[in-house]
Amino acid sequence: MLTNLRIFALNHQKIPSLHINNICCCNIRTSLRRSKPHVPPGRNYSSLPGLIGNDIKSLHSIINPPIAKIRNIGIMAHIDAGKTTTTERILYYSGYTRTLGDVDDGDTVTDFMAQERERGITIQSAAVTFDWKGYRVNLIDTPGHVDFTLEVERCLRVLDGAVAVFDASAGVEAQSVTVWKQADKHKIPRICFLNKMDKNGASFNYAVESIREKLKAKPLLLQLPIGEAKTFKGVVDVIRKEKLVWNSNSDDGKDFERKPLLEMSDPELLKETVEARNALIEQVADLDDEFADLVLGEFSENFDLLPAEKLQSAIHRVTLAQMAVPVLCGSALKNKGVQPLLDAITTYLPSPEERNYEFLQWYQGDLCSLAFKVLHDKQRGPLVFMRIYSGTLKPQLAIHNINGNCTERISRLLLPFADQHVEIPSLTAGNIALTVGLKHTATGDTLVSSKSSALAAARRAKREGEKKHGQNSDAERLLLAGVEIPEPVFFCTIEPPSMAKQPDLDHALKCLQREDPSLKVRLDPDSGQTVLCGMGELHIEIIHDRIKREYGLETYLGPLQVAYRETILNSVRVTDTLDRILGDKRHLVTVELEARPSEAPCALPVVEYGGSVSEDLLKACQEAVENGIQSACLQGPLLGSPIQDVAVTLHSLTIHPGTSTTMVSACVSRCVQKALKKADKQVLEPLMKLEVIVTRDYLSSVLGDLAQRRGSIQEVQTRQDNRVVIGFVPLAEMMGYSTVLRSLTSGSATFALELSTYQAMSPQDQSVLLTQRSGSA
């Protein structure tokens, strides 16, 4: 292989040399001494992507395959459904790792953080690039825990397709529904993989039915299992009427036989498969007119004669239109069913050119990309993951950030491979790249080739908007949609070991916030303490652990507290005047406004204007008025928590000539605060949707405990031998619930929490809370 690489290098003198970083391959490492790979113990990585075999024609074909051969996919699921194990098997069978990693052993490729390996869960998404049968696949393994739901959101934003992994014994679980809704929001075609078919209690029919009922999706059964639980040994390919049986003596699952189903050897299985294939053909014909014409014409008499390729093409179209989801099955841990899943990814999920992105027409081939994730590397600094929608990325290229209105330069361009990366000379549209050197770019930023390119695209978008709608198109359409960042529900104080370490802590938190936009950091105005705001107990715990390990700071956390909200119950009208002389100028503002409960729930205050407020005055200071209202609603009068579900109407505004807009904001803010204090006030607490999976023996003790926690039980479902308790519980009552649940059920129960809404506290509970807060103050 080294000889081939030398010949290859001699034949391509004009192409920039290929630098190889962090790839563990003995031969390449010997020849390229300057690369000093760091590989975690126990992993054995293969050679540079594309340099396997002798069919390499040029460097360009390795780095930039045709766009039709690219698949950008994500693996998403509920926690413990087997996403990381499935990813690990995919990498092994595609030739990118030489040994099989295991989550329990802590040696998987995509779970490379110390916290992930210790806990056996995925915390941050990891990107991997590999080839499968001539296709380039950019795969992202996403977390399943609800505390890290933003990681899933921002990755799905840039993907073209997804694989939803389900535990065949549990079917659709709580977080499965959440990630499915996220995929719906971004209109992502997906396929389903029913994993753990070898597990006790695994049921193919139950899992398929739960997809149909809970996700309201139409499953297309492309495979049937051969046996379930302990008897599971392979799958049936419904389309080709073949059985795939894995060799029981094979340790790694690479050896499997594909045999046609025969009447003599498998009469029952053949009958079941023919019925399933006929049902599949009818299902697809109902959803795809082109396929329906074919079936009703040539093959109406005998479906058996219908070519597999025609059926696959129709399934591809139906999947792309998101009218149905192909369903496959297997056991990633037992190395069964992963190769057919890879084939399904390349066959049914779309290439970048099959997704319709309206904004591409405005750039006309110029660079347009979206930064969707930032990592901090001690050696390289910030690493920015980017999805390239059009144009080409190259090292030393200056690019314009539309969101930040600044120009930055890419110093190096890398192909992502978990925590190992390959340096490359260029990357074209449809790919996912890792860039080094971008100092100001954050998650959700749109990056283009230059400011003039952005302005030209804006002009084209404007013309298009005028043609279609007869009005100016909003320039915001140029910005690729970022991600909606959920509001934090937990907060606690964080302190350095000494004041001398405060700048180091501030730097660590700044880096972690850029990596994780769901982490919020604020300074308490009364105590001067730094406050961490996160998505859950585990989220805060992981951040604390990372500060200790990655930045070497022994920090102290205050007690976890719940992020409450406040609102008002009645309408109040107030007037306020601000009269100040600063220097030789007099600043005089008089405001009259009304604060009232809003008709619909809303996080930000609804701002309205009375008829007596002149339009000229409003044009000059509308922004100042709205800033004043919003700043007043950041801290409520009861707990200092944000105010929500409030509408503010400005009835009168008088401004003395020469008054600054800052004074206008200050007067409006003071007036709103006066109204909030005068009104009847109400504390809102976060209400969590809870799902507990428990055996029948411990059900009563779990229900009794939830009743003490002010929980309301909606239903108790039966899932195989287990009971699933679904209900709503105030977040304040769920502190340390995982420890209590383990004690109650001898470690056999699991639970999932998800923010549902904010609800009003009862007068008694509110009184107790206010007494506690005033006592602690």
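Mentor: Two strands pair if DSSP finds at least two bridges between them. In this predicted model, an open sheet of four strands has the order S28-S29-S31-S30, and its pairing is mixed.

Trainee: What makes S28 and S30 the edge strands?

Mentor: Strand S28 (572–582) and strand S30 (606–609) each pair on one side only. From one strand to the next, the twist averages 30 degrees.

Trainee: How do you know that S30 and S31 pair?

Mentor: Pairing requires at least two bridges, and S30 and strand S31 (residues 646–655) share four, in the parallel sense; the two therefore count as paired. As one example, Val 606 has Ala 647 of S31 as its bridge partner.

Trainee: Which helices pack on the sheet, and which strands do they touch?

Mentor: Helix H17 (residues 615–632) touches S30 and S31, and its direction makes about 135 degrees with that of S31. H18 touches S28, strand S29 (585–597) and S31, and its direction makes about 145 degrees with that of S28.

Trainee: Why is Cys 667 called buried?

Mentor: Buried means under 20% relative accessible area; Cys 667 has 0% relative accessibility, so it counts as buried. This residue lies in helix H18 (residues 661–678). Leaving aside neighbours within four places in sequence, Cys 667 is in contact with Asp 576, Thr 577, Leu 578, Val 589 and Val 591. Its C-alpha atom is separated by 9.3 Å from that of Leu 588, 79 residues apart along the chain.

Trainee: What is the angle between H4 and H12, and what is it called?

Mentor: Helix H4 (residues 83–93) and helix H12 (residues 338–348) pack at about 85 degrees, with their axes 10 Å apart. Angles of 65 to 115 degrees count as roughly perpendicular, so H4 is roughly perpendicular to H12. The contact is made by Thr 86, Arg 89, Ile 90 and Tyr 93 of H4, together with Val 338, Gln 339, Leu 341 and Leu 342 of H12. These residues divide into five nonpolar, two polar and one charged.

Key: Residues numbered from 1 in each chain as written. Predicted model: local features only at pLDDT ≥ 70, side-chain atom pairs only at ≥ 80, totals over all residues. Heavy atoms only, no water. Buried < 20%, exposed > 50% of the residue type's maximum accessible area, 1.4 Å probe, protein only. Contact = heavy atoms within 4.5 Å. Axes fitted to C-alpha atoms, helices over the stretch in contact; angles between N-to-C directions. Parallel < 35°, antiparallel > 145°, perpendicular 65-115°, else oblique. Nonpolar A, V, L, I, M, F, W, Y, C, P; charged D, E, K, R; others polar.
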